[in-house]
Amino acid sequence: MRELNVAVIGYGLAGSVFHAPLVAAEPRMRVAAVVTSSAERGDRARHEYPGVRVIARAEDLFADPDGIDLVVVATPNRTHAPLAIQALEVGLPVVVDKPFALTAAEGEEVIAAADRAGKLLTVFQNRRWDSDFRTVRRLIADGSLGTVRRFESRFERWRPETKGGWREAGTAADGAGILYDLGSHLVDQALTLFGPVSDIYCELDTRREGVGADDDAFLALTHASGVHSHLWMSAVAPQLGPRFRVLGSTSGYVTYGLDPQEEALRSGRRPGDGTPWGIVEAAQWGLLGAEGDTHPTPTEPGDYPAFYTQVADAVLHGAPVPVNPRDAVATLNVLEQARASAITAQA
């Protein structure tokens, strides 16, 4: 069985917590190289992946790409598109962390580079494999909700004090802010479930001192299918709303809390370590039904490892990529129109 050598560019939260552990969990892949200019992060990578090649600059990787079969771009948002294009131009397939690019036009440039190179390109929309989202997809597919009329989705946090870093101190021009961070997930999920949108309304606010971009946002999407999606993302929510509230013609579904996989990865657990992965205990299951007649319904297991399983299948056997990059461009189009809507409303 051929083993794919993967280079992870960037070893902050995205690279070290999400990508590298999931790459290592796929039997047909290994973390062969990590690109970071931080000595501390480089030492950590060597400890976690013995034999890994630590490279200070992406340019050095691209100057000598021999032995690398796949590149993962897990750097600050403004560098996603340029680094993806450079990797493609030296003949390497690419996984790009979300957001795919800063604009839809920039995303199209990356897709064009992949087409010219004839190389694989996909986007890490891992929240498609969240336990609760997989459950919503199941309930829609099996008709448990009837015809969905309204979809409410939240990623809310209570962080009244800033933590620093580019995600908060950066500007919208850097791809910072909660709209591009959490909004990339929420919009992708809404489009995956209900298709293109015909109308967009957005509210954007910066609530905390020292923050350079939005940290509180709301989007209302009207899908061409007729479904209304209401999406909240916030770093300043002192009480958290339901993760999902989905209202159909015959039934509704409400669930609270977050998929357990991120916390597991942050705590050092790894898929395949001998303990169940992505399981939500029965006490945390969401409620399905109508007023006066609701009952807990089993939550599907979360499955982030499926992303890199599908990437390996795509590289080795020509199978479809797990996320079509044109889906990511559609998400960017919505995010751009949302920001324009908020600016217009504030004028």
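Predicted model: local features only at pLDDT ≥ 70, side-chain atom pairs only at ≥ 80, totals over all residues.

I started with Asp132 and Arg243, whose side chains meet in a salt bridge at 4.0 Å, N to O. Asp132 sits in helix H6 (residues 131-141), while Arg243 is in the loop between strand E10 (228-234) and strand E11 (244-248), so this pair ties together parts that are 111 residues apart in sequence. I looked up burial next, and both Asp132 and Arg243 come out buried.

How many salt bridges does a search of the whole structure find? I get 24. As a reminder, side chains of opposite charge can pair when their charged atoms come close.

Next entry: Asp313 and Arg28. Their side chains meet in a salt bridge, with 2.6 Å from N to O. The pair links distant parts of the chain, 285 residues apart: Asp313 is in helix H11 (residues 305-317), and Arg28 is in the loop between helix H1 (13-25) and strand E2 (29-35). Is Arg28 buried or exposed? I have Arg28 down as buried, because its relative accessibility is 12% and the cut-off for buried is under 20%. Asp313 has 24% relative accessibility, so I list Asp313 as partly exposed.

On to Asp181 and Lys98. I find a salt bridge between these side chains too, at 2.6 Å, N to O. This pair also links distant parts of the chain, 83 residues apart, with Asp181 in helix H8 (residues 178-181) and Lys98 in the loop between strand E5 (94-97) and helix H5 (104-117). I looked up both accessibilities. Asp181 counts as buried because its value is 16%, and Lys98, at 8%, counts as buried as well.

I find Asn5 in strand E1 (residues 4-9). Its relative accessibility is 18%, so Asn5 goes down as buried. Which residues is Asn5 in contact with, leaving aside its neighbours within four places in sequence? My list has Arg30 and Ala32, plus Gly67, Ile68, Asp69 and Leu70.

Note on methods: Residues numbered from 1 in each chain as written. Heavy atoms only, no water. Helix = DSSP H or I, 4+ residues; strand = E, 2+ residues; numbered from the N terminus. Buried < 20%, exposed > 50% of the residue type's maximum accessible area, 1.4 Å probe, protein only. Contact = heavy atoms within 4.5 Å.
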